[in-house]
Amino acid sequence: MSDNIYNFRAVEKKWGDVLAGYAISNDEIMCTNKDKIYYVLEMLPYPSGKLHMGHVRNYMIGDVVARFKRMLGFTVIHPIGWDSFGMPAENAAIQEGGHPKAWTNDNIANMRQELQKLAYMYDWPREISTCNSKYYAKEQEIFLSMFKHGLVYRKKSYVNWDPVDQTVLANEQVIDGRGWRSGAIVEKKLIEQWSIRITSYADELLDGLKDLTGAWPDKVLKMQENWIGKSDGAIINFELEQQHYPSHISVFTTRPDTIFGASFVAISPDHEVAQKLAKTNKLVSNFVDECRKMKTTEEALEKMEKKGVFTGLYVKHPVKNGERLPVYIANFVLIEYGTGAVFACPAHDERDFEFAKKYELSITRVIKSDAPLPYTGDGEHINSGFLNGLDVADAKLSIIAYLEKIGAGQRQTTYRLRDWTISRQRYWGCPIPVIHCQKCGIVQSEIPVLLPDDIELGCSGNPLENHRSWKFVKCPKCGDDAVRETDTLDTFFESSWYFLRYLDPESTIPINQKVADHAMPVDICIGGIEHAVLHLLYARFFMFALRDMGYLKTEIPFKSLLTQGMVCHKSYKDLDGNWVYPDDITSAGDGQLITKDGKKVLECAFEKMSKSKKNIVNPQKIIDSHGVDAVRLFIISDTPPEKDFDWNTAALDGTWRFLNHVWRVFNKAFSRITQQSPGNETLVATTHRFLKKITATYESISLNKAVALIREFFNEIDDKLESESGASISVAFNVFVKVLYPITPYIAHEMWSIMTAGGSTPLQSESWPETDTKLAESDTVTIAVQVNGKLRGTFEICKDAGDIVLEGEAMELLGLASGSARRIVVVPNRIVNIVI
């Protein structure tokens, strides 16, 4: 291999098998003290077929941490697996005429090879795939245990229904009111669904956030707190005047103090009163149908026009005798929240104000303020009877006490959190292991319940509904004809406990409690902020539920959480608004960009890499041109892990040049080491000072700072290469190679092999170098020498050396005669500036 050019292809081929993974046995884990176990986890990836740069960055962070901790002497658990059920595989199979299992397994094989190429240090024997029956059979055991403990139940609930595909859609799959795949107008449909009583753990989930403060990002904790949404308020009963309806409409409110400003009651289109009216009132029926086609996300509700229809019904105001309030059906009231009904005080609520102005309803200010309406702040109550003069807090207490006294309401705590619906009407998911019998009801099935391989995917709806030999069975209790449950589990069910299965993927029980209680919680979990609520909240719930069902004692899934930023790239559009691949763009001069066929191109902002915007970078292409180490070093070099990373090809080229420079300097250094060249010994102290700083950045996972210090350390070695002794250089490179290794393992391994003459101990089995604290905090300092304000060199000297000594050393370094300087400015322990 050339001393001047780093042949990354030869080095990657040489060390590929060594760096591709490792294995830690459970015996080794159990023999290790708990405080010396370190569990590194990246969130379970979906096997889409090819890695993207977001994957590379995520797994790179985890790999660096795992390698560093292993060198520190920890028993490191660093597994990998695949979130391999879900609609994308089923859709791909339909489009390509294959089978979801074959599509998924091919993708896993490809991505596994890519991960190994990138030298990610995974414990491959612990690899899992959620579509493998060895995994989902144990998941079925957990489901049945939840069913036995009353945590799983079946009820009718409203869902987004695609009438063409005959399946339930998540809110994210509804685009402008239409199914993302079929394009059909989505309907709200009431169907039987399996749900988990996550609301039973609302308080524990909320209280548990306190234990994560400082270890999880504040933003994630706040998002979970808001999602759980604990609200203290009151239930108020408004008596309906009309007969043949419920006697009253119950409303939950967090602002019962504004009751004197109520001007109408609004109910959800799915409220029982609205449903009854829709059967006989065409106007109401049409409005309800219209509402069932709208988006119901918070963002959509906030932006959409507030609309409603008057029901013709009135309720009696509970505290203003004789006053009647009209009842409207409103598109902004959801059956899932509170009671599916609200009383509206337009003067003090933006949504109510917009609605009241539109339909010319009364608006009464009940909080004193000079601010324009709607006013949502604190203040003295006015126009509020016995509440007048009270602030908001006192008025709430007073009105709740009064409502309870007259039997018109009561104090109530509610949660925004709703039970987790886990039913999915699709084939490619974990079968729900129950059987429906007309005589016995819901009966637990023998497990495992395996998916049938001979499936017809082209039909509309859930393919399992049409698989007669799989669907129709005998009841295990009475022997009569029965049917299997054809819904499959939400994939979030699989991704809520995989980190426990990693600890013993071959166990005959779902979770090896002995190992789990010893190794859990995960020390660091790494993933995107987009998983802040669903995945992370469900994982926390699972830990509480599994504890209560006797599976384990640990309650926290992830001790610390790092939400890495996205990888972004500039995006480009032509003048027709079409996205353009960066590789298809060239310069026409004068700063104008054009496509290869001559169309003008506009440069857009940095955005998350995505196929739709054609701003993706193929990792394999970059690896082929620059090498694995260059990609690894570049992806963490300039930006903190938790921040978004802007892709810059020119900077990547600079990273490649740096590694080549390292290679050239190493070969020069090795020559001085082997020849035992005489010289100075100042690099030894310098090495330990850098080692102390670099170690601290690894500990805090400030990886971009680690890279900066490693580069600075290397520059010190390079600058002093000719003046230092071979022994001093040997000490410096011994440390340099080890601190470089977690980030660029290929070149580090090659240099270590040369330094140790192919010794028996590979670098990844070496220990992290120990800092000599006396040397790291020694009495020497580095003095910068400037001439007319420009840096010309540095030298090491004892701390607090006098000005005359410093001036003499600086003049000697520059080869200047004594007295030749016009003036010398000394900054003690830092700088000597010579003015000539």
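Analyst: A pocket is an open set of points on a 1 Å grid over the protein atoms alone, where a 1.4 Å probe fits, with protein on both sides within 12 Å along at least five of seven lines. The model is predicted: local features need pLDDT of at least 70, side-chain atom pairs need 80 or more, and totals for chains, interfaces and linings use all residues. Residues are numbered from 1 along each chain as its sequence is written, and side-chain values use heavy atoms, without hydrogens or water.

User: What makes up the volume of the second largest pocket?

Analyst: A volume is the space filled by probe spheres set on the grid points, which are joined across faces, edges and corners. For the second largest pocket this comes to about 1400 Å³.

User: What makes a residue part of the lining of the second largest pocket, and which lie nearest its centre?

Analyst: A lining residue has an atom within 4 Å of a point. The second largest pocket has 34 of them, and Thr254, Tyr337, Val342, Asp349 and Arg351 lie nearest its centre. β11, α11 (298-303), β15 (341-344), α12 (350-358) and β16 each supply at least two. Here helices (H or I, at least four residues) and strands (E, at least two) are DSSP runs, numbered from the N terminus. The largest share, four residues, comes from α12.

User: How are the residues of that lining divided by class?

Analyst: Ala, Val, Leu, Ile, Met, Phe, Trp, Tyr, Cys and Pro count as nonpolar, Asp, Glu, Lys and Arg as charged, and the others, Gly among them, as polar. The lining of the second largest pocket then has twelve nonpolar, eleven polar and eleven charged residues.

User: Why is β10 said to pair with β16?

Analyst: Two strands pair if DSSP finds at least two bridges between them. β10 (residues 230-240) and β16 (residues 409-415) share seven, so they pair, in the antiparallel sense. Alanine 234 has arginine 411 in β16 as its bridge partner.

User: Which bridges join β10 to β11 and to β13?

Analyst: Six bridges join β10 to β11 (residues 248-253), running antiparallel. Phenylalanine 238 is partnered there by isoleucine 249. With β13 (residues 308-316) there are two bridges, again antiparallel. That meets the cut-off for pairing. Leucine 240 has valine 315 in β13 as its partner.

User: Why are β2 and β25 called edge strands?

Analyst: The open sheet runs β2-β1-β24-β25, with parallel pairing. β2 (75-77) and β25 (558-563) each have a single partner strand, so one side of each lacks a neighbour in the sheet. β24 (residues 522-527) pairs with β25 over five bridges, with isoleucine 526 opposite leucine 562.

User: What makes the angle between α3 and α20 count as parallel or perpendicular?

Analyst: Axes are lines fitted to C-alpha atoms, for helices over the stretch in contact, and angles run from 0 to 180 degrees between N-to-C directions. Under 35 degrees is roughly parallel, over 145 roughly antiparallel, 65 to 115 roughly perpendicular, and the rest oblique. α3 (residues 53-71) and α20 pack at about 95 degrees, with axes 10 Å apart. That makes α3 roughly perpendicular to α20. By class, their contact has seven nonpolar, no polar and four charged residues.

User: How do you know which residues of α20 and α23 meet?

Analyst: Contact means heavy atoms within 4.5 Å. Leu633, Ile636 and Ser637 in α20 meet Leu703, Asn704, Val707 and Arg711 in α23. These divide into four nonpolar, two polar and one charged. The axes of α20 (residues 628-637) and α23 (residues 703-719) come within 8 Å and cross at roughly 115 degrees.
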